[in-house]
Amino acid sequence: MSTQAATEDLAAVIGLEVHVQLETDTKIFCGCSTDAADAEPNTHTCPTCLGLPGALPVLNEGAVEAAVRLGKALHADIPERTTFHRKNYFYPDLPKGFQLTQYDAPICQAGELEVRVEDRRRDIGITRAHLEEDPGSLQHVGGSIDTADYTKVDYNRAGTPLVEIVTEPDFRSPDETRAFLAKLEEVLEYLGIYDAERDGSLRVDANISMVPASELAGEVDDATLEEANRTEVKNISSHKGAQQALAYEVTRQRNAIQRGREVEQETRHWDESRGITVSMRSKEAEKDYRYFEEADLPPLEVADWKQKLEIPELPDARRERFREEYGLSAEAASKLTSTKEVADFFEEIAREYDPDLAATWVADNLLGELNYRDMAVTDLEGRFDEFTHLVELVAEDEITEKNAREVVLREMLDDGASPDAIVEAEDLGKTGAGEVQAAVEEAIDENPDAVADYEAGDEGAINFLVGQVMQKTGGSADPGQVNGLLREELDG
């Protein structure tokens, strides 16, 4: 960047390369299991994923289907024919010395994903999404990548199906990248092609350039980006990490330019523990990879799959439907569509009971308690009927909402007991109308000062009397009913 540019206001131009592990049982070019979470290192390997001489790749159909579904969700073009290439580079986690990937004919091209950043909606361009194999994983012992005593290599991950999603340089702030990654992860989960719990399931490389703010009036042209050296930040593994890494890089590059120093075109590593980026190597150019077509894999023709393969209702569409069909607020609809599992659970309850009651119980009560315990709805798999029954007890007026929320729900999550067992053990069944009426009369007789305060216009006194009745009924009376009975007695 020129010295003149150093005196101007600077703006960030950011593009992402998002590597997503696809949820398949076996690797992309061999039959090795992808379920290696608790496996010993280098036990989920074979001659193909280790690149041994004579081993031939066989393409995983499930990975191709997942990529096509993603293309549909991103409104991308899926070409008539796509091919695989060898991308040549030497690194310890790449056993063959090359990576099988797609080069000039990716399976998805020219898509977009709409994101919301604060109150603004933006369409982020997707240049391409292509299939490739994951390298192995490195474990740096005794420090980070630049300070480790030595590095171990585990090839269990090598050959896991990846789709690499490359965006246009459409981001202008780290916050926008975080919003995009959160939205992308939502879409991937709804499609059922991605497991966020799998180690390394989503990894991000970010390309960032600093350009004069005056150049951003319209689209950023190639000449502007060519002049501003691009830095690539690799090995980012979370939404928050991407935001932090890019915020650091924006500051680092802006400071360098304002001091009259040139930003190097290089690849940098995000060291999350120290909150800094560290130089790894000079940035490779495309020619350095010496791409050539993979002779052992025939061209892939999948254009007709776009018509045949179905995708589910995606998050944005489901949020809008929830607002229209169930009359939910934008906030409630957003909470209830945060994951497909949450949305499915809500709809299961809303079909049987009042949607407002279902929304309150799932969006506020259940999700609130789960978040407090660092749990997810998926942790309740196999117990959904029990939680639906708890809502039924409230809907049928069998227990008070307060007891259901503060006693039954919490004990269900903490102890695994059923709602009926908790209600019986804690004697939480609603008190009969006659008992409630008797408790109301006793509370009035025993608290003449509160009665006098109420008659003098002190509305707070009624809350005190409600509390006295609730104590007498062991919390099993309905507070709204108690309030009404008290007012009838006092006003009569």
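1. Phe 29 counts as buried in this predicted model, at 4% relative accessibility. Phe 84 is buried too, with a value of 2%. By the ring-pairing rule the structure holds 7 aromatic pairs. In the pair formed by Phe 29 and Phe 84, the ring centres are 5.6 Å apart and the planes stand at 85°, so the arrangement is edge-to-face. Phe 29 sits in the loop between strand S1 (10-21) and helix H2 (61-73), while Phe 84 sits in the loop between H2 and strand S2 (85-88), so this pair ties together parts that are 55 residues apart in sequence.

2. A further pair is that of Tyr 326 and Phe 346. Their ring centres lie 5.2 Å apart with the planes at 80°, so this pair is edge-to-face. Tyr 326 belongs to helix H7 (residues 315-326) and Phe 346 to helix H9 (residues 340-350), so the contact ties together parts that are 20 residues apart in sequence. Tyr 326 counts as buried at 12% relative accessibility, and Phe 346 is buried at 0%.

3. Tyr 326 and Phe 346 are also part of a cluster: ring pairs link them with Phe 322.

4. Helix H5 covers residues 239-258, which makes 20 residues. From its first C-alpha to its last, H5 reaches 29 Å, close to the 28 Å expected at 1.5 Å a residue. The buried residues of H5 are Gly 241, Ala 242, Gln 243, Ala 245, Leu 246, Glu 249, Val 250, Gln 253, Ala 256 and Ile 257. After H5 comes Gly 260, which has a positive phi, near 80°.

5. On cysteines, a search of the whole structure returns 0 disulfides. Cys 32 takes part in no disulfide, and the nearest cysteine sulfur to it belongs to Cys 46, at 3.5 Å. Cys 46 is likewise in no disulfide, with the sulfur of Cys 32 as its nearest, 3.5 Å away.

6. Cys 32 has 10% relative accessibility, and Cys 46 has a relative accessible area of 18%. Buried means under 20%, so the 18% of Cys 46 falls within that class.

Conventions:
Residues are numbered from 1 along each chain as its sequence is written. This is a predicted model: local features need pLDDT of at least 70, side-chain atom pairs count only at pLDDT 80 or more; totals for chains, interfaces and linings use all residues. Side-chain values use heavy atoms; hydrogens and water are left out. Rings of Phe, Tyr and Trp (its six-membered ring) pair if their centres lie within 6.5 Å; planes under 30 degrees apart count as stacked, over 60 as edge-to-face and the rest as tilted. Helices (H or I, at least four residues) and strands (E, at least two) are DSSP runs, numbered from the N terminus. Buried means under 20% relative accessible area, exposed over 50%, partly exposed in between (1.4 Å probe, protein chains only). The expected span of a helix is 1.5 Å times one less than its number of residues. A disulfide is a pair of cysteine sulfur atoms within 2.5 Å.
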